[in-house]
Amino acid sequence: MTNRIYMSSPDVSDVEEKYILEALKSGWIAPLGPDVNSFENEMADRIGREHAVALNSGTAALHLALLAHGVGPGDVVLTSTMTFAATANAIKYTGAEPYFVDCLPETGNMDPTLLRETLTALHLAGERVAAIVPVDLLGKCVDYVTIGQLASEFGVPLVADAAESLGAFHEGLPAGSWGDTAIFSFNGNKIMTTSGGGMLLTDNEEIADHVRYLATQARQPVVHYEHTDIGYNYRLSNLLAALGRAQLSRLDEMIARRAGHRAFYIELFSEIEGVEIFGASTHADDNFWLTSVLVDPEIAGFDAKALSMALEAANIESRPLWKPMHLQPVFRSSRATVNGSSQRLFERGLTLPSGSVLSDQQMAVVGTTIKRFVENA
Ligand SMILES: *Cc1c(COP(=O)(O)O)cnc(C)c1O
């Protein structure tokens, strides 16, 4: 690899090598196998869910969660505007229309007051809201207590997009345990990875069974493969599930490492005026997936873009927060309830190297580069 310092690259060790080699030697190469079952059981145990279904991406997990809740053409699905496009894309795959809701400025998570306003307005207009999909931004859970109450009050299923928050908590309960169903992603830059993969969690056996069925081409259990539904090829392979099990065994260690990076940045920026750590006031329960800062150019004397360019010049990766979905050309015609909070986060935010593989020496290089930039700005 190059000596570039990345934001969040995969963290693999001898443990991963051992698990994958064992799976390879076991002969379970063809898609499913015992590691898939073990990975699902270990994850369900950790999160405290009845069922877990391993899939080949977080996007696939979202797609099947929505289908399992009966979402289809003509439906409206409320989701966070502050998210990665995968959330909104999965809604479109079902033929439903995403409707974006703006965020709380402190966390970037869905604003429950705006959600209530939106649900009320759509209810009065006689429109069917088929699901609510809030997103745990950068590893912090949304306010599931309030949003869960709203979902029950309006009788709408809650699908938690916990792709970024594995290992986080809300009110003492783990991310992934909230909502009628929840999904995780194990993509390459997430807190743990299967190189590509995802999982759906639920306490509802019917939903779990239906998702397993849809994920394996919707084959009826007869030898000649009878089909009565359109299916998908969305299951996680046994080899990748072995990688997932190894990563899960190291998850707490990897979270601790990322928490250390957060502490490093808090210390570094405590002296720098006009730059605050995004979400610092509420970070106790998050998984520290990514650490971002918000730059107020009036006070700092520089903006997030300039800081990003200085880092790039030193071969250090950084990136703005997600560009809100209601500002994306592809979703221009989608409806949204917005108040400017997500746009402001997009304009001021910058995500810094946060991966658990980063060494103390690499973090020191990031720190020195930032200090030098700020002194000369
Ligand atoms: C990564 C991510 C996804 C998609 O997961 P994949 O495994 O990459 O398909 C969905 N939602 C959010 C919020 C994500 O960050």
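The following legends describe close-up views of a predicted model.

**View 1. The parallel sheet β4-β2-β3-β12.**
Four strands form an open sheet in the order β4-β2-β3-β12, and their pairing is parallel. The edges are taken by β4 and β12, each of which has a single partner strand, so one side of each is left without a neighbour in the sheet. Direction ignored, neighbouring strands of this sheet are turned by 25° against each other on average. Within the sheet, β2 and β3 run parallel and are joined by five bridges.

Thr79 belongs to strand β2. Is this residue buried or exposed? Thr79 counts as buried because its relative accessibility is 0%, and the cut-off for buried is under 20% relative accessible area. With residues up to four places away in sequence not counted, Thr79 touches Thr87, Ile91, Tyr99, Phe100, Val101, Met110, Val133 and Val135. Two of these contacts, Thr87 and Ile91, are buried residues of helix α4. Another, Met110, lies 31 residues away from Thr79 along the chain, and the C-alpha atoms of Thr79 and Met110 are separated by 7.9 Å.

**View 2. Helix α4 and its packing.**
Helix α4 spans residues 85-93, and its buried residues are Ala86, Thr87, Ala88, Ala90 and Ile91. An α-helix has 3.6 residues a turn, so residues three or four places apart point the same way. Against which elements do the buried residues of α4 pack? They pack against helix α3 (58-68) and against the strands β2 (76-80), β3 (97-101), β4 (129-133) and β5 (159-161). Among these strands, β4, β2 and β3 also belong to the parallel sheet of View 1. After α4 comes Gly95, which has a positive phi near 90°.

**View 3. The antiparallel sheet β10-β11-β13.**
This open sheet has three strands in the order β10-β11-β13, with antiparallel pairing. At the edges stand β10 (275-277) and β13 (349-352); each has a single partner strand, so one side of each is left without a neighbour in the sheet. From one strand to the next, the twist averages 30°. Strands β10 and β11 (residues 291-295) run antiparallel and are joined by three bridges. Ile277 stands opposite Val293, a residue of β11.

Which strands does helix α9 lie across? Helix α9, made of residues 251-269, lies across β10, β11 and β13 and runs at about 155° to β10. Helix α11 lies across β11 and β13, and its direction is at about 25° to β13. Of these strands, β10 and β13 are the edge strands of the sheet.

Glu171 is not a glycine, yet its phi is positive, at about 50°. This residue is found in the loop between β6 (169-170) and β7 (173-174). Glu171 counts as exposed because its relative accessibility is 61%. Asn315 is likewise a residue other than glycine with a positive phi, here near 65°. Asn315 is placed in the loop between α11 (304-313) and β12 (335-337). With a relative accessible area of 29%, Asn315 is partly exposed.

**View 4. Nonpolar surface patch with Leu21, Leu24 and Ile29.**
On the surface, Leu21, Leu24 and Ile29 form a nonpolar patch, and together they have about 240 Å² of accessible area. Ile29 lies in the loop between α1 (14-26) and α2 (34-47). The relative accessible area of Ile29 is 41%, so this residue counts as partly exposed.

**View 5. Gly179 in the loop between β7 and β8.**
Gly179 is placed in the loop between β7 and β8 (181-185). Its relative accessible area of 23% makes Gly179 partly exposed. Which residues are in contact with Gly179, leaving aside its neighbours within four places in sequence? They are Arg49 and Leu158. Gly179 and Leu104 are 75 residues apart in sequence, and their C-alpha atoms are 20 Å apart in space.

Conventions: Residues are numbered from 1 along each chain as its sequence is written. This is a predicted model: local features need pLDDT of at least 70, side-chain atom pairs count only at pLDDT 80 or more; totals for chains, interfaces and linings use all residues. Side-chain values use heavy atoms; hydrogens and water are left out. Helices (H or I, at least four residues) and strands (E, at least two) are DSSP runs, numbered from the N terminus. Buried means under 20% relative accessible area, exposed over 50%, partly exposed in between (1.4 Å probe, protein chains only). Two strands pair if DSSP finds at least two bridges between them. Axes are lines fitted to C-alpha atoms, for helices over the stretch in contact, and angles run from 0 to 180 degrees between N-to-C directions. Contact means heavy atoms within 4.5 Å. Patches are made of residues with over 30% relative accessible area and no salt bridge: like charges are joined within 9 Å, nonpolar side chains (Val, Leu, Ile, Met, Phe, Trp, Tyr) within 5 Å. Accessible areas come from the Shrake-Rupley method with a 1.4 Å probe; for residues, only the protein chains shown count as cover. A salt bridge is a side-chain nitrogen of Lys or Arg within 4 Å of a carboxyl oxygen of Asp or Glu.
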